[in-house]
Amino acid sequence: MSDHHKTKAQLLEELAALRQTVAELRQQATTPIAAVLKIEDELPSNAERFRPFSLSLNDLDRLLELSRALVTTHTPTAVLDQAIKAATETAPAADRGSLQLLDDTGQTLHTVAISSPDETLGQVITFRPGEGIAGHALASNQTINVADVLADERFLPSELPLRFRSLLVAPLVVKGRLIGTLSLSSQKVGAFVAADEILVQLIADQVAAALENARLFDSYLQAENLRKAHQFLQATIDALASHIAILDERGQIIAVNARWRLFAEANGYAGSNYGLGLNYLQICEAASGPDAEEAPLVAEGIREVMAGRRNQFYLEYPAHNPLEQRWFGVRVTHFQDAEATWLVVTHEDVTERRLAEEALRASEEKYRNLTNQLPVGVYRDTPPGKLVYANPALAVILGYNNIEEMLQTSIRNVFDNPHERDAYLATCHLNGEVAYHELKARTAEGSQIWVRDTARVFLNEAGEIDYIDGIIQDITDHRAAAEALKASEIRFRSLIQNSSDIITLLGADGTVQYVSPPVERILGYPPERVIGQNVFSYVHPEDLTGLQTRFNETVQYPGIDDTPFEFRMRDAQGQWRWLEAVSNNLLDDPNVKGIVVNGRDISRRKQMEEQLRLLEAQFLQSQKMDAIGRLAGGVAHDFNNVLTVIRGYSDLLLMHLREPEDLRSYAEQIRKATNQAASVTRQLLIFSRQEMAQPEIIDLNGVMIDLEKMLERLIAEDVDLEIRLAPALGLVKMNPGHIEQVVMNLVINARDAMPYGGQITIQTANIAVDKTTPLQPLPLQPGRYAQLTVTDTGIGMDQETLSHIFEPFYTTKEQGKGTGLGLSTVYAIVNQSKGSIQVFSQPGQGTTFQVYLPCLTDQIGPDLRMADNQDLDAAPDKKLETILLVEDEVEVRKLTRLILRKQGYHVLEAQHGEEALRLCQQSLETIHLVLTDVVMPNGMNGRELAERLKVIRPEAKILFMSGYTDDVILRHGVLDAHVNFIQKPFTLNILLRKIRETLDAS
């Protein structure tokens, strides 16, 4: 059957069944809801209300559904909108409906449910009971039906626009307590009838009952939660090991835990419910006997906490038990919230801690006594550096009068560099181990000391440094000794490493156990390469047997063997180096356990000894050469005088012989032979290295032409000589003999480099040098140079030989075939002439020497010298000069006198110096020039004569002449820079030109 076809009887039956269901639910409830939900008593009989009225079946159906929903829910706010909707639907005239509840003050109604799109109904409506229609409904506890609000004096208009005319208000009442109103409104006047009043009031009663049911259920839930919280709290404090009692603000015990109950039993309070309800203050004040000494203190502490003068009170007291010593601690803590104030009293057994503290105190005392006797400083400090403990030794070390004074300072201030200690402590923190560090510290007096700080850090629960325990030792003396030892070791090591000798430590079998760094400088081996090797593997085979015998003798006899022994060792380049060594057998010394050998490189000394031997041989050869040279010089002197006479008279013959032609040719042959003989004399002087050292302006090409025949005689028949001369070669100024010696030495060197024949090429060339000329590394200044090049096709030289070829006594020739002075002489002559020399060579590809000689800046023509055939009859312009001729050789004097007189000079003669002095003293005429020989008999040479003539004839000019070699002339003091000199044999033209130059010189 459909709900729309139900009769009123059927609906009433369903309503009665609903009431029965509610009753059954109340009986089955296990919560206090069964005691508080009395819906039947609160609601009027719905059946009686329906009898006088004719309600529709739909109205009854909606009413039953609403009753069923409100009765069965504990949260009626979810169905309040349904109640308003049911009220508006059962009153057809209602346009809108709302439900308002009073707040806790009972003065303000709040809308909690609406059935209208009008938002203004949701605003707060303020009514006092008895004011307004809603207020009268509340005050009278009756439903009010107002047909027209504008005609009802109880209506209080609001500021909101009026949207209704008729109003139906039913109060919500629970047990006589007003909680709100249910309102229906309509825009029509007189819209609501009596049936609407009954229905709305019925709905209001059911809503009020449901709201009260929810409130009672919330109260139950709160009580249940409080009970559970109390059970949890009790279980929590029961689980604690301490004796806990909770006191109210008067000191009365309101709760205890399980441990307290045991405590109460032990103290005779079990029969009084373990002290619950008793006043703890009174218990403390009433306590007596030996166990009650601290009770008054506890009572006073409780009062202090109750009065708010202390937040917490704590006291420890002993339990007087003859069988064992026990300690307890009582703690009183204050708690307060908005409703109440109470205290928590805690008793805990602190016997273990007290005993541990006593043991710790005894241990610390023992530790303190021990550390006070230690000679090292012991301390404990905190991370900021605050000392909390120091022993007397620390105060002594740091110069403080006592420990108290020491504790007033910061340990960080003790160290010169506190940050260094901080870093060291951080390392200790990370490693978690005991560590030590050496630092500089300052005493109280300000003196600086070195200390060793041995420390360990201890961490707190957060992993941070809590404190540091450490030991400080004064290591100043130790440090100084260590520094001295280190300096000594450094000095000793430096002596060994920088020694010129090789210090070697050998085992008994000759194994190298240590070798000093100089081994690399001397032999080219890094020390690590030699260590572990047998020393005899480096010794020359010829020296091996003798060295091994000497070494075996050293092994047999401990001590120093200071007799040097010499041997050769192979270096890293495979060369043999000479060493001289002494040894010391320290095999029995536990610190050494080896044989110490001090080896010195004597290769240079050996080389010098060899050179000395060669020099001695060369000296003997030089003595022989000197004797030959002296002989050659004497022969040359006499021969030059003869040649001077022959050349002079041949020149005179040529001047006077015009016819016949055959006689003139004979005279020319005589002069040519004389010139050749003079050339041979000059070459003889070159070989004896006693040629004249007078620089002249010479043509290098002319020198080469003059030397060509002699050079061909010097070289072997299987060596070809080719001379290439550059045209218009620049003139140079140097001694002709020197340049000849340069050429001859270079040619002889080239000849010796070609033992199996070859070719020698001599070239001359003009070279202009400026800043861009690539002649480096030659030290040539910009200018013009005459270049002399000597090239051979011989065996060549390597770079090592090239680096030494200009050194004196250096030679690659076999013993007895060279003195090592040839190229060094060439180098000296070239440099003396402001020139330069360079050499190019490679093994097997020949050698080239290039000599650069500076040219004269003023160009001088080829007619530099007088022609040998110049006419001597042409007398000079000056014919009044008087010349004093001093010559001990009669023929030379006669020839010279003849030539001078033919030129118009007035000539005075003297055989030697004494005669020349007498003549000058007796003669009254002016003597313009003295032409004197250098070496003369009777004890006075030409130089001495010139010195004496300066006194008696200061106007006379001096011209020296000699046929001796330069060393003899030098010994007589003639070859100075400004001395006029002419070498015999001379031609007549050279003699006359030199005389004229001397007379005309200023």
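**Exercise 1. State how many aromatic pairs the structure holds, and classify the pair formed by phenylalanine 458 and tyrosine 467.**

Step 1. The structure holds six aromatic pairs; rings of Phe, Tyr and Trp (its six-membered ring) pair if their centres lie within 6.5 Å. This is a predicted model, in which local features need pLDDT of at least 70, side-chain atom pairs count only at pLDDT 80 or more, and totals for chains, interfaces and linings use all residues. Residues are numbered from 1 along each chain as its sequence is written, and side-chain values use heavy atoms, with hydrogens and water left out.

Step 2. Between phenylalanine 458 and tyrosine 467 the distance is 4.9 Å centre to centre, with 15 degrees between the planes.

Step 3. Planes under 30 degrees apart count as stacked, over 60 as edge-to-face and the rest as tilted, so this pair is stacked.

**Exercise 2. Decide whether phenylalanine 458 and tyrosine 467 are buried, partly exposed or exposed.**

Step 1. Buried means under 20% relative accessible area, exposed over 50%, partly exposed in between (1.4 Å probe, protein chains only).

Step 2. Phenylalanine 458 has a relative accessible area of 29%, and tyrosine 467 has 22%.

Step 3. Phenylalanine 458 is therefore partly exposed, and tyrosine 467 is partly exposed as well.

**Exercise 3. Find which charged residues sit over the rings of tryptophan 450 and tryptophan 578.**

Step 1. A charge sits over a ring if NZ of Lys or CZ of Arg is within 6 Å of the ring centre and within 35 degrees of the ring normal.

Step 2. Over the face of tryptophan 450 lies arginine 479, at 3.6 Å from the ring centre.

Step 3. Over tryptophan 578 sits the charged end of lysine 606, 4.4 Å from the ring's centre.
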